[in-house]
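Take a moment with the sequence and the model shown here. The walk-through below starts at one residue and then widens to the whole chain.

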Amino acid sequence: MAFFETFSHELFLTFAMAMVPVVELRGAIPLGIAAGLPPALACATAILGNLVPAPLIILLARRAADFLRETRFFGPKIDWLERRAHLKGRLVRKYRLLGLVILVGIPLPGTGAWTGSLVAAVLNIRMRHALPAILLGLVIAAAITTAVTLGLLNLLI
């Protein structure tokens, strides 16, 4: 119990940061490690935090897009987002679930669980297939991000 009391603030920050779009686990892992979490704990916490929004995005993205498309303000923005998802979805359409793993697993801007979930929603990939692929991609991205973070820390120290 003392372990979680010691790291509760750092765990919460890492978990919450991983849920933020664009930042996701690519920012949460370095934050958690810099805050003093053990790398494995920062990695696991970031994976869980980044996975939380995925089912909601997959379930609600299509409905929300259809609803918002009818408004003058959001209509063009929804169209832009769908075009972007379709562009990112080329790899996913070609390789299906392996493509989704690769899309989520490459730790670059514009990839990750949020983008993967949006692509899965746009391409109508069922959640029971999309979530394991997204999780595997997150594990790959987290391993790469953690290794890079630890490598950079070793260079700086």
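Start at Glu-24. This residue lies in helix α2, which covers residues 24-34. The model is predicted, and every value here is computed from it. Is Glu-24 buried or exposed? Its relative accessibility is 2%. The cut-off for buried is under 20%, so Glu-24 counts as buried.

What surrounds Glu-24? Leaving out residues up to four places away in sequence, Glu-24 touches Met-17, Ala-18, Asn-50, Thr-111, Gly-112, Ala-113 and Trp-114. Glu-24 has no salt bridge, although it is buried. The nearest side chain of opposite charge belongs to Arg-26, 4.1 Å away. A salt bridge needs the charged atoms within 4 Å.

Now look at the backbone. Most residues other than glycine have a negative phi. Glu-24 is not a glycine, yet its phi is positive, at about 45 degrees. Val-22 also has a positive phi, of about 75 degrees, and is not a glycine either. Val-22 sits in the loop between α1 (2-19) and α2. Is Val-22 buried or exposed? Its relative accessibility is 76%. Exposed means over 50%, so Val-22 counts as exposed.

Move on to helix α8, residues 127-156, where Ile-140 has its place. Ile-140 has 37% relative accessibility. That value falls between the cut-offs of 20% and 50%, so Ile-140 counts as partly exposed. Ile-140 also belongs to a nonpolar surface patch of about 550 Å².

Step back to the whole chain. How many helices and strands does the protein chain have? There are eight helices and zero strands. From the N terminus on, the elements run α-α-α-α-α-α-α-α. The chain has 157 residues, and 39% of them are buried. The protein chain exposes about 9000 Å². Carbon and sulfur atoms supply 73% of that area.

Last comes confidence. The mean pLDDT of the protein chain is 88. In 90% of its residues, the value reaches 70 or more. Which elements mark the two ends of the range? Helix α3 (residues 39-51) has the highest mean pLDDT, 97. Helix α5 (residues 75-95) has the lowest, 76. Where pLDDT is low, the predicted coordinates should not be read in detail.

Terms used
Residues numbered from 1 in each chain as written. Predicted model: local features only at pLDDT ≥ 70, side-chain atom pairs only at ≥ 80, totals over all residues. Heavy atoms only, no water. Helix = DSSP H or I, 4+ residues; strand = E, 2+ residues; numbered from the N terminus. Buried < 20%, exposed > 50% of the residue type's maximum accessible area, 1.4 Å probe, protein only. Lys, Arg positive; Asp, Glu negative; His and termini not counted. Contact = heavy atoms within 4.5 Å. Patch = residues over 30% accessible without salt bridge, like charges linked within 9 Å, V, L, I, M, F, W, Y side chains within 5 Å. Areas by Shrake-Rupley, 256 points an atom, 1.4 Å probe, with all protein chains shown as cover. pLDDT = per-residue confidence, 0-100.
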